[in-house]
Amino acid sequence: EFIPTSHTKESIILDVKNFAQNVLGKGVIVVNDVPGFVANRVGTQTMNDIMYRAEQHKISIVDVDNLLNILVKKYSLLFINSHISLDFRKHDIKCITDSKWLSVLLEQILSNAIKYSENSQIIIDSFKKDNSVVILIEDHGIGIPEEDINRIFDKGYSGFNGRLKQKSSGLGLYLAKSISDKLDIRLKVDSVVGQGSKFYIIMNN
């Protein structure tokens, strides 16, 4: 898969490259100095390939703590470099879902939290509520403006924060929502500007 890059599409390429490597298992060749609209087109095709594969579920009993621990280790350097402290609360909870795709979903939300939470704290928690297993990723970052909340999962939407930080492609949370729809997982977001955001990943068990 050839992924063209340009300075204005840098974050899109990074997202798509990570998805292709981690999910599709393909090598990615980066080609420089190709017009941005081509990058958008190729990125969309790769995303569609990813979502087609997401329809092929492998449902099993998943150890939530273990899955989260793998993600935390993967992003440990980013936590350090961004001066973010982590409060990882383990509760020996299990859920029934596709572990691979749940991991991809959680990765998008966790990386998004890190992106907007420099010099603060992130809490990762899990608990049971009624007949559901809930994973909470809570940051104490810049928060999401109220007018953006209902659109953060839209394809290509980066909102005010994305424009402010110039780090957002608008693909990460879109992918998270697309996977959640395939796996019958509900996503809920609470956020206050200047205080941070709480992302709830709710799985019927």
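This report covers a helix pair and an aromatic pair in a predicted model.

## Helices α5 and α8

Two packed helices are described by the angle between their axes and the distance between the axes. Helix α5 spans residues 99-115, and helix α8 spans residues 172-182. Their axes come within 9 Å and cross at roughly 150 degrees. Angles over 145 degrees count as roughly antiparallel, so α5 is roughly antiparallel to α8. The crossing of the two helices is left-handed.

## Residues at the contact

Helix α5 contributes W101, V104, L105, Q108, I109 and N112. Across from them, α8 contributes G172, L173, L175, A176, I179 and S180. By type, the residues of this contact are eight nonpolar, four polar and no charged.

Which residues of α8 are buried? They are G172, L173, L175, A176, S178, I179 and S180. After α8 comes D184. The phi of D184 is positive, near 60 degrees.

## The aromatic pair

A pair of aromatic rings is described by the distance of the centres and the angle of the planes. How many aromatic pairs does a search of the whole structure find? It finds one. The partners are F153 and F199, and their arrangement is edge-to-face. The ring centres lie 6.5 Å apart, with 85 degrees between the planes.

F153 sits in the loop between α6 (146-149) and α7 (159-165). F199 belongs to strand β9, residues 196-204. The pair therefore ties together parts that are 46 residues apart in sequence. Both F153 and F199 are buried.

Key:
Residues numbered from 1 in each chain as written. Predicted model: local features only at pLDDT ≥ 70, side-chain atom pairs only at ≥ 80, totals over all residues. Heavy atoms only, no water. Axes fitted to C-alpha atoms, helices over the stretch in contact; angles between N-to-C directions. Helix = DSSP H or I, 4+ residues; strand = E, 2+ residues; numbered from the N terminus. Parallel < 35°, antiparallel > 145°, perpendicular 65-115°, else oblique. Left-handed = near helix turned anticlockwise from the far one by under 90°. Contact = heavy atoms within 4.5 Å. Nonpolar A, V, L, I, M, F, W, Y, C, P; charged D, E, K, R; others polar. Phe/Tyr/Trp six-rings, centres within 6.5 Å; stacked < 30°, edge-to-face > 60°. Buried < 20%, exposed > 50% of the residue type's maximum accessible area, 1.4 Å probe, protein only.
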